[in-house]
Amino acid sequence: MNSLVLSGRLAADPIIDEGERPRCRFRLAVDAYNPATKQREADFFSIVAFGKTAEIVGQYCHKGSYVAVRCHLKPRQWTDAKTGERKYDTSIIVDEVELGPRANTDGVTRPVERQAEPPTTPSSFDFDDLPF
């Protein structure tokens, strides 16, 4: 299984690369606890999103935005053209993103508003369709 879930705040504005397939790169600061110092710290992860997910992150997120991402790890290897040395890297690729609460202009953070569906009333369906 190759799955990773992270939640935290963007450490900087996302970088968007337009092209045939949009790409968005961002750094995510994730809370961590250091038992040696008994203090909270932050771990920073470089993350990449592609396609529609990249467009959403690029449009709606900025430095300080809270997001949760479900990702997978993508290892790669190559040979450095100058030195001939074998290089390795592991990228964190976004599969899904969930945007967190946003701060309003007054600086107060409120949950993202969702459109509620109107309640179903007895007059909105036909009782003859019931199987009993």
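Which residue does the side chain of Arg70 meet in a salt bridge? Point 5 takes this up.

1. **Basis.** This is a predicted model, in which local features need pLDDT of at least 70, side-chain atom pairs count only at pLDDT 80 or more, and totals for chains, interfaces and linings use all residues. Residues are numbered from 1 along each chain as its sequence is written, and side-chain values use heavy atoms, with hydrogens and water left out.

2. **Overall layout.** The protein has 1 helix and 8 strands. Their order along the sequence is β-β-β-β-α-β-β-β-β. Helices (H or I, at least four residues) and strands (E, at least two) are DSSP runs, numbered from the N terminus. Of the 132 residues, 23% count as buried. Buried means under 20% relative accessible area, exposed means over 50%, and partly exposed lies in between (1.4 Å probe, protein chains only). Contact means heavy atoms within 4.5 Å. Among contacts between residues at least 6 apart in sequence, 50% join residues at least 24 apart.

3. **Nonpolar core.** A nonpolar core is a set of buried Ala, Val, Leu, Ile, Met, Phe, Trp, Tyr and Cys residues joined through side-chain atoms within 4.5 Å. The largest one here has 16 residues, and those that touch the most other members are Phe26, Leu28, Ile47, Val69 and Val94. Two or more residues each come from strands S1 (4-10), S3 (23-34), S4 (39-50), S5 (66-79) and S6 (86-99), and from helix H1 (51-60). S3 gives the largest share, 4 residues. For Ile47, with neighbours within four places in sequence left aside, the contacts are Leu6, Cys24, Arg25, Phe26, Leu28, Val69, Ile92 and Val94.

4. **The helix.** Which residues of H1 are buried? They are Gly51, Thr53, Ala54 and Val57. Seen down the axis of H1, these buried residues fall within an arc of 150 degrees, so they line one face of the helix. The arc is that of the directions from the helix axis to the C-beta atoms. The face turned away from the buried side carries the exposed residues Lys52 and Gln59. The cover over the buried residues of H1 includes S3, S4 and S6. Thr53, in H1, has a relative accessible area of 18%. Leaving aside neighbours within four places in sequence, Thr53 is in contact with Val94, Asp95 and Val97.

5. **Salt bridges.** Side chains of opposite charge can pair when their charged atoms come close. A salt bridge is a side-chain nitrogen of Lys or Arg within 4 Å of a carboxyl oxygen of Asp or Glu, and by this rule the count comes to 8. To return to the opening question, the partner of Arg70 is Asp95, at 3.6 Å from N to O. Arg70 lies in strand S5 and Asp95 in strand S6, so the pair ties together parts that are 25 residues apart in sequence. Both ends are partly exposed: Arg70 has a relative accessible area of 33%, and Asp95 has 31%.

6. **Other charged pairs.** Arg23 and Asp17 form a salt bridge at 2.7 Å, N to O. Arg23 is partly exposed at 32% relative accessible area, and Asp17 is partly exposed at 23%. A network of salt bridges links Asp17, Arg23 and Arg25. Lys87 pairs with Asp80, with 4.0 Å between the closest N and O atoms. Lys87 is partly exposed, at 29% relative accessibility.

7. **Ser65.** Is Ser65 buried or exposed? Ser65 is buried, with a relative accessible area of 11%, and lies in the loop between H1 and S5. A polar atom of the Ser65 side chain lies 2.9 Å from the backbone nitrogen of His62. Not counting residues up to four places away in sequence, Ser65 touches Gly8, Arg9, Leu10 and Tyr60.

8. **Tyr33.** Tyr33, in strand S3, is exposed at 53% relative accessibility. Tyr33 touches Lys38 and Gln39, residues up to four places away in sequence not being counted. Asp43 is 10 residues away from Tyr33 along the chain, and their C-alpha atoms are separated by 9.6 Å.

Methods: A polar contact is a pair of N or O atoms within 3.5 Å; within protein, one must be able to donate a hydrogen and the other to accept it, and residues adjacent in sequence count only if both atoms are side-chain atoms.
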